[in-house]
Amino acid sequence: MGGRNSAAATPVLLNVYDLTAANDYLYWFGFGVFHSGIEVHGTEYGFGAHDFPSSGVFEVESKTCPGFVYRRTVWLGTTDMSQEEFRSFIEKLAGKYHGNTYHLINKNCNHFTDDVCQSLTGKPIPSWVNRLARVRFLIVFYQKVFKFLLWVVSQLFVKVLMMICIQYIHQSLKIATMMRMRPSTCCQLHPMTRIL
């Protein structure tokens, strides 16, 4: 964990990148679409997608991740792992992060950096970095809940409608049965009525 031996403590940094120019506006409202990489011992590690069942973890020079615009660095804490220990840790963790398992909402680059940060410092990355994935997850979750509730309501509606129909048929049969039991008066003419 972070900083047991302060003489050997190495900073754990989160390099955050913009994925869209809209972040210039969204950032001030607590939103944005960000990529992040974790920097330890001067090397930055990230996670990205590809079509193969092999590691999607990569390393780049600090603050220069290709395809993204660097925004800022966040200090996350320290670790007392040596460079060799950290490299071994990353290689082991990379087995959980294959490129073909990348998912924008459930397993993205920010999940990777959060996993590394929690392991090294015991703390998560700042929540704003992956907020869009959490918001999207909630939207998808509520959509599924809404669809389920809609299905439940439709099933209840069908059952209630069937009960009403059965009740109506039952009432109609009851009335028809009662009509058959009484002497019929529907065909008798009133004495004042004349047939032409």
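**A walk through the fold and its aromatic cluster**

From the N terminus on, the elements run β-α-β-β-β-β-α-α-α. That makes four helices and five strands in the protein. Keep in mind that this is a predicted model.

Start with the whole protein. It has 196 residues, and 29% of them count as buried. Now look at the contacts between residues at least 6 apart in sequence: 68% of them join residues at least 24 apart.

Next come the aromatic rings. The structure holds nine aromatic pairs. Take Phe47 and Tyr97. Their ring centres lie 5.0 Å apart, and their planes meet at 70°. An angle over 60 degrees counts as edge-to-face, so this pair is edge-to-face.

Tyr97 has a relative accessible area of 6%.

Phe47 has another partner. With Phe112 it forms a tilted aromatic pair, 6.4 Å centre to centre, with 40° between the planes. This pair also links distant parts of the chain: Phe47 is in strand S3, Phe112 is in helix H3, and they are 65 residues apart. Both Phe47 and Phe112 are buried.

Now put the rings together. Ring pairs link Phe47, Tyr97, Tyr102 and Phe112 into a cluster. Lys107 lies over the face of Tyr97, at 5.1 Å from the ring centre.

Move on to another strand. Val74 has its place in strand S5, residues 69–79. At 11% relative accessibility, Val74 counts as buried. What does Val74 touch, leaving aside residues up to four places away in sequence? The list is Val12, Leu13, Leu14, Val16, Pro126 and Trp128. A further distance concerns Ile38. Val74 and Ile38 are 36 residues apart along the chain, and their C-alpha atoms are separated by 9.7 Å.

Note on methods:
Residues numbered from 1 in each chain as written. Predicted model: local features only at pLDDT ≥ 70, side-chain atom pairs only at ≥ 80, totals over all residues. Heavy atoms only, no water. Phe/Tyr/Trp six-rings, centres within 6.5 Å; stacked < 30°, edge-to-face > 60°. Buried < 20%, exposed > 50% of the residue type's maximum accessible area, 1.4 Å probe, protein only. Helix = DSSP H or I, 4+ residues; strand = E, 2+ residues; numbered from the N terminus. Lys NZ or Arg CZ within 6 Å of the ring centre and 35° of its normal. Contact = heavy atoms within 4.5 Å.
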